[in-house]
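This report describes the fold of one protein chain for a reader who is new to structural description. Please examine the sequence and the structure below before reading on.

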Amino acid sequence: MMGLQELHRPTVRATLLPPHGAGEEAEQLTSPEGKRQFLRGTYTGGERPEVRPVGGAGSHLIGALAHADALIVLPEAATGAAWGSEVEVVLLG
């Protein structure tokens, strides 16, 4: 990481919304039990912070990472996250 001694990114809590252009019927986020997931997302701060996933779950989707300014964290104990739930978000920008 370019010789940095300490790398810290702020984390916040935000409401998880479906991807832009997808309705509430969009497939919800899933995660294998026992594995912490970091999914690409776009974050909107303010009085009611929100985050939306971008791209798919594959690590090869580099184009989606270019559109992301946050990572949605799904902890080891979670097997998914419903739209409207509160999730931890790591801010990248």
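## Basis of the description

The structure is a predicted model, in which local features need pLDDT of at least 70 and side-chain atom pairs count only at pLDDT 80 or more, while totals for chains, interfaces and linings use all residues. Residues are numbered from 1 along each chain as its sequence is written, and side-chain values use heavy atoms, with hydrogens and water left out.

## The chain as a whole

The protein chain contains 1 helix and 7 strands. Here, helices (H or I, at least four residues) and strands (E, at least two) are DSSP runs, numbered from the N terminus. In sequence order, these elements give the pattern β-β-β-β-α-β-β-β.

Of the 93 residues in the protein chain, 30% are buried. A residue is called buried under 20% relative accessible area, exposed over 50%, and partly exposed in between (1.4 Å probe, protein chains only). The accessible surface of the protein chain is about 6200 Å², and carbon and sulfur atoms account for 52% of that surface. Such areas come from the Shrake-Rupley method with a 1.4 Å probe, and for residues only the protein chains shown count as cover.

A contact means heavy atoms within 4.5 Å. Among contacts between residues at least 6 apart in sequence, 71% join residues at least 24 apart.

Two strands are said to pair if DSSP finds at least two bridges between them.

| Strand pair | Direction | Bridges |
|---|---|---|
| S3 (residues 37-44) and S5 | antiparallel | 5 bridges |
| S5 and S7 | antiparallel | 4 bridges |
| S3 and S4 (residues 50-53) | antiparallel | 4 bridges |

Towards S7, Leu71 stands opposite Val90, and Val73 stands opposite Glu88. S3 and S4 form a hairpin with 5 residues between them, and Gly46 in the turn has a positive phi of about 110°.

How many of the residues of S5 are buried? The count is 5 of its 5 residues. Both faces of S5 are covered, with Ala70, Ile72 and Leu74 on one side and Leu71 and Val73 on the other.

## The nonpolar core

In soluble globular proteins, nonpolar side chains tend to be buried together. A nonpolar core is a set of buried Ala, Val, Leu, Ile, Met, Phe, Trp, Tyr and Cys residues joined through side-chain atoms within 4.5 Å. The largest such core in this model has 14 residues, among which Leu16, Leu29, Val51, Ile72, Val87 and Val89 touch the most other members. Strands S1 (11-16), S5 (70-74) and S7 (86-91) are the elements that give two or more residues to this core.

Leaving aside neighbours within four places in sequence, Val87 is in contact with Val12, Arg13, Ala14, Leu16, Val51, Ile72 and Ala81.

## Two serine residues in loops

Ser31 is located in the loop between strand S2 (29-30) and S3. Is Ser31 buried or exposed? Ser31 counts as buried because its relative accessibility is 7%. Beyond its neighbours within four places in sequence, Ser31 is in contact with Gln37, Leu74, Ala78, Thr79 and Gly80. A polar atom of the Ser31 side chain lies 3.4 Å from the backbone oxygen of Lys35.

Ser85 belongs to the loop between strand S6 (80-81) and S7. With a relative accessible area of 23%, Ser85 is partly exposed. Apart from neighbours within four places in sequence, Ser85 is in contact with Ala14, Thr15 and Leu16. The C-alpha atoms of Ser85 and Leu17 are separated by 8.2 Å, although these residues are 68 residues apart along the chain. The backbone oxygen of Ala82 lies 2.6 Å from a polar atom of the Ser85 side chain.

Definitions and conventions:
A polar contact is a pair of N or O atoms within 3.5 Å; within protein, one must be able to donate a hydrogen and the other to accept it, and residues adjacent in sequence count only if both atoms are side-chain atoms.
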